[in-house]
Amino acid sequence: MSNSTGGSHFTATRLWRTDGWQADAALEVDAEGRLHASKADAGESIGQWVLPGMPNLHSHAFQRAMAGLAERKGRSDDSFWSWRETMYAFAAAIGPDELKAIAAQLYVEMLKAGYTHVCEFHYLHHQPDGTPYAQPEAMSLALIEAAREAGIGLTLLPVLYISGGFDGRALSPRQRRFGHDVEGYLRLLDTLRRHEGDDLRIGIALHSLRAVPEQAMREVLASDIAKTCPIHIHIAEQVGEVQDCLATRGARPVEWLFAHADVDARWCLVHATHLTEAECGQLARSGAVAGLCPTTEANLGDGLFPLADYQDAGGALGIGSDSHISISPVEELRWLEYGQRLQTRHRNIAARHEGDSVGETLWRAALRGGAQASGLPIGDLREGARADLIVLDDTSPLLMARDERSLLDSFLFAGNTPLVRDVMAGGRWQVRAFQHRDEQRIAERYRATVAALASR
Ligand code: ZN
């Protein structure tokens with residue numbers, strides 16, 4: 001309980017807590033945007049169904065502007081690797097102003113969908129030819145500014161990207177703007193940490209095992225910042241990547257990582273799609289988060305994560321919208337479940353015990369894992385937490401005659417009408433009645449930016 005006064009008070013008919021729904025919850029948001037239990041019962045009533053906002057644990061913001069541009073048949077072997085060529089060509093035209101415009105639009109869309117925090121896996125560091133900007137962190141700052149404009153919490157994960165393959169080859173011309181040596185990378189982290197606060201955390205991202213040689217990984221993990229900050233890595237997304245790792249390092253990616261790094265709760269293994277049974281158990285026991293991006297993984301034809309085995313082993317997971325062909329925690333969680341149903345020809349896979357709800361199981365797991373991967377105390381409407389919450393549209397026909405037992409299943413599995421009506425992030429209403437407070441200006445700038453990019 002807080003004895004703070006002067007904040008804004010409100011009540012919720014049903015408030016989702018980690019252990020279930022609380023009836024008639026009275027809350028206060030203080031001047032710093034943190035939540036406290038309130039003794040006042042006269043606050044504004046904000047709605048019938050109030051949930052913690054969802055953290056989005058994996059994003060490459062610039063890719064939002066190319067969603068839909070790689071869906072036409074090319075060579076017969078269209079795959080992740082052919083998609084990557086389209087993505088590289090597009091990325092080459094993006095500088096700080098373009099990145100800020102695209103990211104702000106993306107973050108507005110995320111908030112409207114119910115994401116209140118995003119982990120940005122950021123590798124467009126330098127000018128297109130690889131020369132650093134006059135201010136070397138200019139692209140990172142563009143993302144920080146975009147997040148603050150939109151009002152979404154941010155874990156910024158500057159990416160270390162050194163080589164163009166497992167054989168240690170140099171970066172290709174199109175990859176040069178991604179590159180750092182270890183010293184320059186740690187300097188970038190240091191500079192960015194000065195901006196940290198309740199709404200911003202800086203963490204480490206190793207692009208992938210193929211892009212970070214072993215020695216460089218050791219040096220970064222031995223740094224002071226690595227002891228406490230979130231550490232994200234792309235791992236085992238593609239079968240080709242698993243085969244290359246086996247051929248050059250004599251082990252599969254997850255297997256190799258566990259043999260060469262202390263993987264623990266600081267870590268988020270993004271995709272982790274291709275796991276053996278032993279790797280699945282090892283990842284679950286480590287306390288690390290499996291970062292799953294079901295709509296992107298489906299779009300790229302990556303494969304399916306072994307969800308049931310992983311949950312049975314007690315593994316932590318969260319969701320990300322990654323390439324942004326979809327921006328909806330509902331769709332990510334729905335496809336996480338549906339992929340498993342299609343593969344096993346059974347229903348209700350994520351719910352592991354009789355009577356458990358799929359919707360509740362997935363929403364709870366993704367809140368917890370997403371918060372852990374963000375490195376901030378979010379994802380839970382507890383005392384002192386950042387006030388990140390969403391209010392569902394209780395007048396929607398889709399939610400008629402729903403109760404505490406069926407609400408989350410209906411939210412996730414009852415169709416495509418947007419049900420997120422109001423969104424508070426950092427203690428401020430960013431979305432009310434389905435409208436973001438600054439969406440017109442941000443959308444206008446985005447349209448002008450994308451039109452200019454397309455005409456280059
Ligand atoms: Zn990614």
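This is a predicted model: local features need pLDDT of at least 70, side-chain atom pairs count only at pLDDT 80 or more; totals for chains, interfaces and linings use all residues.
Next, the surface. The accessible surface of the protein chain is about 18300 Å². Carbon and sulfur atoms account for 48% of that area. As for the interior, 59% of the 456 residues are buried, where buried means under 20% relative accessible area.

Now the overall dimensions. The C-alpha trace spans about 65 × 50 × 45 Å along its principal axes. Why do we call the chain's radius of gyration in agreement with a compact globule? Because a compact globule of 456 residues would have a radius of gyration near 23 Å, and the protein chain has 21 Å.

On to secondary structure. The protein chain contains 14 helices and 17 strands.

How do the parts of the sequence meet? Take the contacts between residues at least 6 apart in sequence: 74% of these join residues at least 24 apart.

Then the domains. The protein chain is divided into two pieces, domain 1 and domain 2. Domain 1 is made of residues 8-52 together with 382-440, while domain 2 covers 54-374.

How far apart are the centres of domain 1 and domain 2? Taken over C-alpha atoms, 28 Å separate them. The two domains also touch: 31 residues of domain 1 are in contact with 28 residues of domain 2.

That is the end of my part.

Conventions. Residues are numbered from 1 along each chain as its sequence is written. Side-chain values use heavy atoms; hydrogens and water are left out. Helices (H or I, at least four residues) and strands (E, at least two) are DSSP runs, numbered from the N terminus. The radius of gyration is taken over C-alpha atoms; the globule rule is 2.2 Å times the number of residues to the power 0.38. Buried means under 20% relative accessible area, exposed over 50%, partly exposed in between (1.4 Å probe, protein chains only). Contact means heavy atoms within 4.5 Å. Accessible areas come from the Shrake-Rupley method with a 1.4 Å probe; for residues, only the protein chains shown count as cover. Domain bounds come from an automatic or database domain assignment.
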